[in-house]
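Dear colleague,

I am handing over the structure we spoke about, and my notes on what was found in it follow below.

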Amino acid sequence: MKEPHSSPDHIHSDAFLARLMRGQLKLSIACALCFVVALVALPLLNYLQPEFMAQRVFGFTLTWLILGVLFFPFVWIISFVFIQRSIALEDAEAQAAQDGLTK
Amino acid sequence: MHALLAFLAAEPATKDIDPWIAFFSLITVVVTVGMGFWTAGRSKSAGDFFVAGRSVSVGWNASAISGEYLSAASFMGVAGMVMLNGYDALWYPVCYACGYLFLLLFIAGPLRRFGAYTIPDFAEGRYDSPLFRKIAVCFVLFIGFFYTMPQMKGAGTTLAYIFPGLHYSVGVIVVGAVITLNVSLGGMKGITLVQAFQYWLKVFAITVPIFVLASIVGHYQQHLAANKTAQETVAAAPAGIERKDLTPKAPKDEQWIAPFGSLTTKAVDTAIKAAKTPEEKAALEANKKPYSLLYTYSLIIALVCGTAGLPHILVRFYTNPDGVAAKRTTMWVMILIGVFYVFPPVYGVIGRSLTPELYEAVGSKGTDKVVLELPTLLAGRDHPLLGSILSGITCAGAFAAFMSTFSGLLVSMSSALAHDIYGRMLKPESSPEERLKAFKWAAVIIGVVSVVLGTQVEKLNINYLVGQAFAIAAASYFPLLFMSVWWRGMTMRGAATGMLVGGLLALGSIFLTTLSDVYGFTTLAEFWVAHPLLRILCEQPAIWAVPLSITLMIVVSKMTAATIPADVRMKMLVLHAPEALGLKQEYIKEHEGLGGH
């Protein structure tokens with residue numbers, strides 16, 4: 001397959017693609033880890049510390065409050081941070097690619 | 001509607017139909033159909049039908065995705081399940097909402113950049129394989145029908161609730177016909193507007209009644225406090241919170257409010273009951289909590305990965321103008337559905353205090369209808385009119401719930417039939433007009449099949465059916481999308497093997513549990529009693545099926561590494577490079593030369 005001429009060659013290099021994907025994947029995995037740790041930890045805490053998790057907080061049990069109410073804003077924060085960072089990352093990538101073109 | 005009214009007039013009503021409930025439900029149906037007609041005049045091109053011209057704004061699209069996602073299971077099933085199973089059932093609403101995070105982190109952006117009409121388009125485009133398109137189409141239809149059945153069940157039971165005496169299948173037929181008409185008139189663009197409207201209707205319908213109700217009968221945490229934990233000797237019910245006595249079938253307080261309750265320990269509990277010697281009993285008791293933990297994790301994996309793999313949700317990402325908009329949309333969807341999912345458990349908790357008699361009935365007459373039933377309690381508390389109006393509002397919400405999800409499913413399945421099977425396989429040289437016509441016919445065919453299937457599932461539980469669809473999606477589509485987007489070494493054979501084996505094994509094991517539960521296969525039921533761990537692994541297969549699927553993909557791809565698509569680097573660039581670089585245009589141009597897109 002012929003390389004199109006409209007974009008610079010370095011965009012079509014393996015190194016550029018590898019860097020691009022690594023950057024994006026690193027960001028995604030970092031955010032996913034926050035989420036996964038919480039998902040793994042909550043059942044584990046319920047399992048290992050049932051009395052601590054059953055204490056009353058405003059009428060809820062602690063574990064009910066965390067899962068039924070606080071979990072939602074927690075996930076919103078992760079997704080907000082991810083979107084800010086990922087848009088910034090894309091801008092930086094595009095900028096870097098354009099700069100490479102003018103050099 | 002005339003047919004329905006005539007039918008109602010002929011039917012001797014066993015109970016009075018509440019005029020408010022009938023009024024609000026009718027309004028919902030009329031507005032839905034009206035909006036469908038209104039947008040029908042505006043949907044012209046094939047693009048309008050399949051992906052709404054790819055020009056839906058973030059706000060509209062987020063509302064529409066949320067409207068499509070919040071199904072009968074979310075609106076009625078979750079509240080019923082929380083009432084029935086307590087804490088363990090909370091994982092459903094939380095994971096339904098938070099599963100979107102995986103979609104956002106790993107799939108939404110790249111998929112949108114790739115730019116294709118449907119998931120089968122992506123499957124073919126990524127691997128240059130028409131065969132893989134066929135496999136993907138089958139799975140779209142398959143998961144779609146699985147997800148359609150509970151919506152139909154919701155339709156049948158809600159109509160039977162509103163109009164006492166009405167036969168279950170009449171509700172299924174009426175709702176199926178209305179939505180099929182709507183979709184075949186307006187396609188994707190038509191339902192985008194309708195679904196966005198239905199999201200806001202559903203949020204209104206779930207929040208307003210519960211706020212009014214809670215201000216009269218007591219709040220969420222007060223009713224929760226009325227359930228004592230294992231440590232508490234007496235329930236610390238706040239003053240003024242009344243609570244009816246629990247019925248015999250209701251789970252005990254300490255089991256209901258704590259994790260590892262009746263939902264996750266059912267398999268072991270049944271085994272304990274059947275155990276003959278005290279030693280056996282003790283051994284099973286020791287395993288109870290670890291197995292229960294395993295069940296919880298498997299459920300979490302199914303729900304989180306399944307959300308990211310539902311085909312009717314994914315197709316909506318293509319209606320965004322670009323990848324950044326796709327990400328912003330997902331963010332808003334998470335907020336919109338998260339706000340919604342806080343409320344169904346409130347109905348479950350208050351329902352446990354005030355309507356424990358629902359524990360005694362099963363299926364649609366049981367806890368599944370707590371959302372519809374709870375507001376009518378106000379009628380007995382000197383607010384007869386308020387009770388009727390609020391109950392009417394929740395009924396309207398339930399209508400919106402199964403109608404919007406069914407229309408979304410109908411669009412994605414009709415697209416699969418019209419675009420992938422007719423447009424790509426049967427008649428590749430067909431004109432856009434012919435494909436549009438095919439879309440309308442496909443909608444009618446799928447609508448009829450859905451109605452027929454819907455009339456067959458009256459006995460099954462709504463949330464259980466949805467759970468099946470999620471587990472199958474988690475073991476098939478999620479690994480496919482995740483690996484295709486992030487791993488260059490994937491081959492078509494690897495992808496297909498992993499998806500098929502994972503998806504079919506998950507389906508098979510779920511089917512085995514359904515066989516004994518619903519159709520009363522006694523030998524199988526005895527086997528489950530003897531092997532509670534196997535029963536859990538079959539009922540919740542995600543914990544082994546998802547890793548199995550991914551492993552198979554890697555192993556088979558390594559073995560067939562010679563067949564990695566030649567232009568994989570370009571494909572990966574299109575998936576990952578910022579759109580500012582304009583690589584997609586190049587890619588499309590290249591392929592136009594080859595007679596592709």
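Which residues does Leu303(B) touch, not counting residues up to four places away in sequence? Leu303(B) touches Trp91(B), Tyr92(B), Cys95(B), Tyr96(B), Gly99(B) and Phe470(B), where two residues are in contact if their C-beta atoms, placed from the backbone, lie within 7 Å.

This is a predicted model, in which local features need pLDDT of at least 70 and side-chain atom pairs count only at pLDDT 80 or more, while totals for chains, interfaces and linings use all residues. Residues are numbered from 1 along each chain as its sequence is written, and chains are lettered from A and ligands numbered from 1 in the order in which they are written.

Leu303(B) is also among the residues with the most contacts inside the largest nonpolar core, which has 212 residues; such a core is a set of buried Ala, Val, Leu, Ile, Met, Phe, Trp, Tyr and Cys residues joined through C-beta atoms within 7 Å, and buried means that 20 or more other C-beta atoms lie within 10 Å of the residue's own. Helix H18 (residues 384–426) of chain B gives the most to this core, with 21 residues.

Chain A has three helices and two strands (DSSP runs of H or I, at least four residues, and of E, at least two, numbered from the N terminus). Of the 103 residues in chain A, 30% are buried.

The contact between the chains takes 47 residues from chain A and 47 residues from chain B, and H3(A) gives the most to the side of chain A that touches chain B, with 20 residues.

With best wishes

Methods: Buried ≥ 20, exposed ≤ 12 C-beta atoms within 10 Å, placed from the backbone.
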